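Student: I should like to learn how to read the side-chain features of a protein model. Could we go through them one by one?

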Amino acid sequence: MNGKKGSVEINIPPAAKAKQPEVIRKSSFQGLSCKAWIWNVWEFCKEDSNRVTFSFKVGLAVLLVSLLILVQGPYEIFGTNIIWSILTVAIMFEYTVGATFNRGFNRALGSLLAGILAIAVAQLALRTGRVAEPIIIGISIFFIGAITSFMKLWPSFVPYEYGFRVILFTYCLIIVSGYRMGNPIRTAMDRLYSIAIGGFVAVFVNVLVFPIWAGEQLHKEIVNSFNSLADALEECVKKYLEDDGLDHPEFSKTVMDEFPDEPAYRKCRSTLNSSAKLESLANAAKWEPPHGRFQHFFYPWSEYVNVGAVLRHCAYEVMALHGVLHSEIQAPYNLRKTFQSEIQDATNQAAELVRSLGKDICNMRRSLKSSLLKRVYSSTERLQRAIEVHAYLLTVQCDPPDNSSKPLPKLSHAVSSTLCDLPDQLDNLDCTSPEKSSNQLTQNMQSGTPPPAQTESYHEMMRKQSRRLHSWPSREVDAFEEEGGFSTDLLPRMRALESTAALSLATFTSLLIEFVVRLDHLVEAVDELSKMAKFKHEGL
């Protein structure tokens, strides 16, 4: 320290220099966050280019209306009331043409009724004198506010909720400003003219400048739902058949948080959450004139909502399959491979049928699905037959049933591999009674001799399999490890554990068969839509 021999010198940097790296890290972090924000904006715009189009259209409409204020001539005619045209554009301009027409109708009707009521009440108040005039105006505002607020809650008037809101605030502003300015009729007429100008500009820009039709959006949304459902089904079944359970984490909150990252879960969830969007698009499409491929009046947009409802019922089954995939009770991997060909065939045929229905809606054509339905039914029957004939694999029994009189379907060679994976000792334990096996184990433990190596290897195999499959209940293996030996009822418990795990495969196949059954309703819904929408027959 002081320059003596053997001393060590320690240099302490100043406080400002010590904080310099932190400042550098902070600035670099801000730069990265800015880049990430720009990238998110780019991805958001790239996902749907109509969002950018809609933004520019709103800017153009507001600019056109603002010119009425910026230019001296129109401003001298309308005065400050022209500001209502800007408010009308901001309120009326919606994402789709149909929604703009719907909002414009509510705006026009509400403003007209409010203007008529305001003029009538103002004339009545003027005739009563200066003393009673504000009282009548106040009472009228109270009744208009109460009546409109009550009527917009009525179930039949829910679609016109915005119109009642327009009546309320338009009436209040006209009647109050007219009372102070002394000429309510002129005030009401100027504001109605301004509202009409704003509504015309909003509709003009939205229809003529890159129109975004709600009918087209609804049509694409339904087609995407078909493809998403088929993809989710195939991905879920593929993962179930290929997952050997070695790296399968325990079912916990962490796994639940990771579900949205899986493609099958994300696609299925988008189909389940599409109900409100489909209804909103269908209600907006009813206001649109014939356009594009939808050339006839009274197009059955409500049938798209019905098809979407049937699709969601099919998506429920896929979500249930996804739940079995992540359940704690898992069938052994070799047992799943046993029925792989039948499960995969039924899945492929069902997914092909779903995609074919979506393609018919996309091309607006009608085609017979009898051949596809026959293939789906035949593949499902093969799966049911395989489960019925080889049901002994799903339970722990002594011997497989005698099916010599029945022709066995050709299963994959995984059946023999599944049975050969079990040690020879398991066959001996199955053929003997449980009481005899447990008594022999008890005598060995009392005499001080260790259990046979064969039984110990069987238990070791079951312990590893239970850990690998994290089957319920896992506390049986933990209890054995804590006690350090066999209990008399350990083998029956582990046998029940193995049987319960194997039944998970039966649950998965039953859900898959239920999905196929619901495809009948989906075919009927699509056929009803094609009839009402007058789709062209295939080949015409």
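Tutor: Let us start with aromatic rings. In this predicted model, ring pairs join Phe294, Tyr299, Trp301 and Tyr304 into a cluster.

Student: How many aromatic pairs does a search of the whole structure find?

Tutor: The search finds 13 aromatic pairs. Among them is the pair of Phe105 and Trp287, whose ring centres are 5.2 Å apart. Planes under 30 degrees apart count as stacked and those over 60 as edge-to-face, with the rest called tilted; the planes of Phe105 and Trp287 stand at 40 degrees, so this pair is tilted.

Student: Which parts of the chain does that pair link?

Tutor: Phe105 belongs to helix H5 (residues 97-128), while Trp287 is in the loop between helix H12 (275-285) and helix H13 (301-325).

Student: Is the pair of Phe200 and Phe204 stacked or tilted?

Tutor: The pair is stacked, because the planes of Phe200 and Phe204 are at 25 degrees; their ring centres lie 6.0 Å apart.

Student: Why are Phe200 and Phe204 separated by about one helical turn?

Tutor: The general idea comes first. An α-helix has 3.6 residues a turn, so residues three or four places apart point the same way. In this case, Phe200 and Phe204 are four residues apart in helix H8 (residues 184-208) and are therefore separated by about one helical turn. Phe200 is exposed, with a relative accessible area of 58%, whereas Phe204 is partly exposed, at 42%.

Student: Which charged ends sit over rings?

Tutor: The charged end of Arg51 sits over the ring of Phe44, at 4.0 Å from the ring centre. Likewise, the charged end of Arg103 sits over the ring of Tyr162, with 4.3 Å to its centre.

Student: Which residues make the nonpolar surface patch?

Tutor: Leu60, Leu63, Leu64, Leu67, Leu70 and Val71 make this patch of about 510 Å². Leu70 lies in helix H2 (residues 50-70). Exposed means over 50% relative accessible area; Leu70 has 65% and is therefore exposed.

Student: What span should helix H15 have?

Tutor: At 1.5 Å a residue, the 24 residues of helix H15 (residues 340-363) should span 34 Å. The end C-alpha atoms of H15 are 34 Å apart, which agrees with that expectation. After H15 comes Met364, which has a positive phi near 55 degrees.

Key: Residues numbered from 1 in each chain as written. Predicted model: local features only at pLDDT ≥ 70, side-chain atom pairs only at ≥ 80, totals over all residues. Heavy atoms only, no water. Patch = residues over 30% accessible without salt bridge, like charges linked within 9 Å, V, L, I, M, F, W, Y side chains within 5 Å. Areas by Shrake-Rupley, 256 points an atom, 1.4 Å probe, with all protein chains shown as cover. Salt bridge = Lys/Arg side-chain N within 4 Å of Asp/Glu carboxyl O. Helix = DSSP H or I, 4+ residues; strand = E, 2+ residues; numbered from the N terminus. Buried < 20%, exposed > 50% of the residue type's maximum accessible area, 1.4 Å probe, protein only. Phe/Tyr/Trp six-rings, centres within 6.5 Å; stacked < 30°, edge-to-face > 60°. Lys NZ or Arg CZ within 6 Å of the ring centre and 35° of its normal. Expected span 1.5 Å × (residues − 1).
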